[in-house]
Amino acid sequence: MSHDSRTALRVCPLCEATCGLTLTIEGTTVTGARGDRDDVFSQGFICPKGASFGGLDSDPDRLRSPLVRKDGVLREATWDEAFDTIAAKLPALAEAHGTQAVGVYLGNPNVHTMAGALYPPLLLSALGTRNVFTASTLDQMPKHVSSGLLFGDAHAIPVPDLDRTAHLLLIGANPLESNGSLCTAPDFPGRLKALRRRGGTLTVVDPRRTRTARLADRHVAIRPGADALLLAALTQVLIEEKLADPGVLADHLDGYDELAHAIADFTPEAVSAACDLDAGTIRAVARELAAAPAAAVYGRIGSCTVEHGTLASWLVDVLNILTGNLDRPGGALFPLSATARAPRAAAPGKGFALGRWSSRVSGHPEAKGELPTAALAEEIETPGEGRIRALIVVAGNPVLSSPDGDRLDRALAGLDFMVSVDPYLNETARHADVVLPPPPPSQSAHFDFAFNSFAVRNQVRYSRPAVPLEDGGMDESEILARLVLAVGGLHGASPEAVDDQVIAAALTRAGAPAALAAELTGDTGAERRLDLMLRLGPYDLTLERVLAHPHGIDLGPLKPRLPQVLKTRSGHIELFPAPIAADLPRLRAALGTGPTGLVLVGRRHLRSNNSWMHNVASLRGGSNVCTLQIHPDDAARVGLSDGYTARITAAGGEVEAPVEITDAVRTGVVSLPHGWGHSRPGTRMSVAEAEPGVNVNQLLDGTLMDPLSGTSVLNAVPVSVSPAP
């Protein structure tokens, strides 16, 4: 290490594992990253993404100053020019055409930054629009909806107690590649290996023999899309064989008898053909789950982004409830983050409602205040009152992430005005009239508001910027605060005023004295807001105390929290809510159907994260390639060999990809990874453009979705495959 080198601690923002890093910095450049062995949560674990922190941070393709479109061309501009342009265009457009003429899309990276958690709600409030679209309807909305219906709170998502469970059933999840999702767990692989070492059992349900499946005691190679049928059959076995025992939860349950009646015909024999699984295997999985001293069921993307995603998400927790494993150590528990509201006395709440309004064109019901992302293009294209004429995209790339990107690409080109907050000129941002680039992560503060709510152990960690802002740079919190002011008719006011207003409102809501505002510490408005949330939270913390513990503060293992968590109108767990009951006939209609033709599933790469890490040279190659995986039997049947190019065709179009023949996918299934397709003109992502891959979502026309959550069906999609000419 040279004499001017130093180290700085930082929580990694590149996936949901939130590992602690030790950065090596020379001058203002991050030259290395290793795991922080003293981090209270990750204890030194690091993955290839974290190790590449410096490459991402100093990527020469990152935008360093705003871009403003002049005479049809995006040119570098000052921050003042950028916000002046927004303030001149957006409020006037909303005044002329109504507040619904402005839409907002929030991408996945928002939950990976401090500013992305704090300011978008204020932006939506300032705009007053209901045309809100996010990445949630492309991955996790079914879990929010099922939790809302069961527990009355869409954010009350139980997570598996990985470190104490004796039996873990994973469905549609591959945490050895994804590092976990809606389950924040540094070193997920190590935690699964520890489960095996202590004599526990790991069962993995997945149509691919993933790295996670290879670790399992039992790998159940299900037919894609049949997850809800399998889970319903497991539930039926528990009830029929009198293995269900909710234990202390029984006093907090409504709807058990109705559930038992409704699920009675989903026997293992009835679902066997559709799942392409032996009925005996299904019964064995149910019995093993019931017999375990402590068990947890955990489902993710593969079981969410399918036709019955909300039903599958609901049944995951039904199984946790019926086995008595919800809200107990070793089962599935509700984390309590340091910035959560202080616990309240158990009492009935307002409950959770779906469909409070609907989309203009197709009438899709809202879920958790959002409309389906698959409906964004038609809301821009279709003439009439309420048509989206302006769009603000914060940290998102829906042209690659949502179905039928070609259609959305054309729609974006027809907007009157567009703003993109993004460090890259990507496939979506290239359409913007103003691009506002946040600084690299080394120059940003970091706190995990969202992921600490899903963490497998309660803890708190905060990273201040490791490197000062470069000349001309603007902090992401200030960018978003100024954006709030510009769209809200307060252009030119101090961005600190935005935070002051939030602090005053939070104190009033909490019944805390207004004088507390003067006691808050922090160098920025965002830090003062964090300090307030820590002070009002459940652990009596302050920002100063957290800063005094640079490796974090361990707040202990997860603890039972029911019935306090419940916000249903009854004050109970609503085991069989009406929207679920109304959707169950759709699942029943799938009984008895057998495999027909090939279906497509996605896949995760450890060295990638959706569409936003393909421009880091050190992460390219290895398994991180855009190939079509196909079983040898299927390849022979359709005339494909390794190295061939395959043509894949579906309702939304066709793509071509190199063939990778492997028995890691079961017969009847092909797999293409998500997030590729960096081949559109007008972007500035040189590494990604050199190996663009193909956009798997172009195979989808956007019409297939889970009706309860509005989530696009991205897995178990019927396709035809042939050799490319």
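**Exercise 1.** Does Phe447 count as buried or exposed, and at what relative accessibility?

*Solution.* Start with the ground rules: this is a predicted model, where local features need pLDDT of at least 70, side-chain atom pairs count only at pLDDT 80 or more, and totals for chains, interfaces and linings use all residues. Residues are numbered from 1 along each chain as its sequence is written, and side-chain values use heavy atoms, leaving out hydrogens and water. Next, the cut-offs: buried means under 20% relative accessible area, exposed over 50%, and partly exposed in between (1.4 Å probe, protein chains only). Phe447 comes in at 2%, so Phe447 is buried.

**Exercise 2.** Sort out the ring pair Trp79 and Phe83.

*Solution.* Rings of Phe, Tyr and Trp (its six-membered ring) pair if their centres lie within 6.5 Å; planes under 30 degrees apart are stacked, over 60 edge-to-face, and the rest tilted. That rule gives five aromatic pairs. For Trp79 and Phe83, the centres sit 6.2 Å apart with planes at 20°, so call this pair stacked. Both residues belong to helix H3 (residues 79–97), four residues apart, about one turn of the helix. Trp79 and Phe83 are both buried, too.

**Exercise 3.** Now do the pair Phe447 and Phe449.

*Solution.* Here the ring centres are 4.7 Å apart and the planes make 55°, so this pair is tilted. Phe449 has 11% relative accessibility, so Phe449 is buried.

**Exercise 4.** What share of the 725 residues in the chain is buried?

*Solution.* Buried residues account for 61% of them.

Definitions and conventions:
Helices (H or I, at least four residues) and strands (E, at least two) are DSSP runs, numbered from the N terminus.
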